[in-house]
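Welcome, and please load the model in your viewer. We will walk from one selection to the next.

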Amino acid sequence: MEPGLRRIVAPNPSPMTLNGTCTYILGTGSVAVIDPGPADRGHIGAILAALAPGERISHILVTHAHLDHSPGAPLLAEACGAKVHAFGPASAGRSPIMERLAATGLMGGGEGVDRAFAPDILIADGEEIIGGDWSLRALHTPGHFCNHLSFIWGDAIFTGDHVMGWSSTLISPPDGDLGDYFRSLDKLAQIGARTFYPGHGAAVTGTAARIAELAAHRRERTAQIAAHLVAGAATVAQLTELIYQEIPAALMPAASRNVFAHLVEMTATNQVAAVPEIRLDAAFSLT
């Protein structure tokens with residue numbers, strides 16, 4: 001990708017992963033591996049085969065606990081002996097409102113979550129990780145997922161699934177939080193990075209413009225939902241049918257989770273009310 005950075009794409013293409021999960025090898029000599037990907041021993045073998053003679057993996061870093069990013073970590077650790085570093089298990093970093101809503105059992109969600117994920121070493125927001133000829137600074141960027149980390153490498157950032165060039169990201173409560181997503185976009189914008197290396201798809205240049213585009217897209221979606229609610233109360237399913245009229249049927253479940261994420265945030269900011277309470281089958285109306 002550039003001096004000191006290699007990428008191996010996992011063989012897990014899908015409408016949600018594009019060509020597959022991007023695994024990055026950072027540095028030379030003693031290297032870091034970012035996002036070993038799914039539990040695919042062939043992909044683990046490809047990571048090991050990409051090492052130069054005499055190189056070793058000193059750190060395994062995971063952006064977040066989704067099944068297309070983290071289950072390869074223990075397999076790679078078993079093969080190379082390195083420790084797995086991450087923000088925490090799958091529920092780490094949930095906002096208080098999401099903790100409360102998750103306890104009701106009425107949220108649904110949990111798509112693709114690696115509930116078995118258990119990192120060896122926890123990384124705090126702002127913590128520096130130093131290797132042989134490389135160093136990273138961790139940035140907690142919840143939104144797509146509560147335990148999501150981005151990693152700052154000089155003037156580049158490994159953004160996982162928080163910022164990608166080919167698509168906006170799935171936000172599915174209680175693991176995803178739209179309010180957190182906006183706050184994390186702001187954190188990334190303040191850094192002024194040259195390049196984003198995402199969890200799927202090509203590197204992103206024009207980083208400030210891409211962040212602004214993603215934020216505007218979400219605000220437009222909120223406005224769209226509010227416009228439909230002018231006519232009266234509606235459910236998540238009804239709003240999804242109204243808003244997403246041209247996407248493949250296979251993507252409708254993800255679309256409904258995004259609509260729900262917007263309604264949860266609109267409820268938290270007192271733009272809408274849910275009857276009888278915030279849940280998938282609630283009727284949402286403008287306040």
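The tour below visits a sheet and then a pair of helices.

This is a predicted model, where local features need pLDDT of at least 70, side-chain atom pairs count only at pLDDT 80 or more, and totals for chains, interfaces and linings use all residues. Residues are numbered from 1 along each chain as its sequence is written, and side-chain values use heavy atoms, with hydrogens and water left out.

Start with the open sheet of five strands, in the order 7-8-9-10-11 with mixed pairing. Strands (E, at least two residues) and helices (H or I, at least four) are DSSP runs numbered from the N terminus, and two strands pair if DSSP finds at least two bridges between them. Strand 7 (128-130) and strand 11 (195-198) are at the edges with a single partner strand each, so one side of each has no neighbour in the sheet.

Next, select strand 8 (residues 135-140) and strand 9 (residues 149-153), an antiparallel pair with four bridges. Here H140 sits opposite L149 of strand 9.

**The helix pair.** Now move to helix 5 (residues 207-229) and helix 6 (residues 236-243), whose axes come within 11 Å and cross at roughly 110 degrees. Axes are lines fitted to C-alpha atoms, for helices over the stretch in contact, with angles from 0 to 180 degrees between N-to-C directions. The two helices are therefore roughly perpendicular to each other (angles of 65 to 115 degrees).

To see the contact (heavy atoms within 4.5 Å), show R221, Q224, I225, H228 and L229 of helix 5 with L239, L242 and I243 of helix 6.

Methods:
Parallel < 35°, antiparallel > 145°, perpendicular 65-115°, else oblique.
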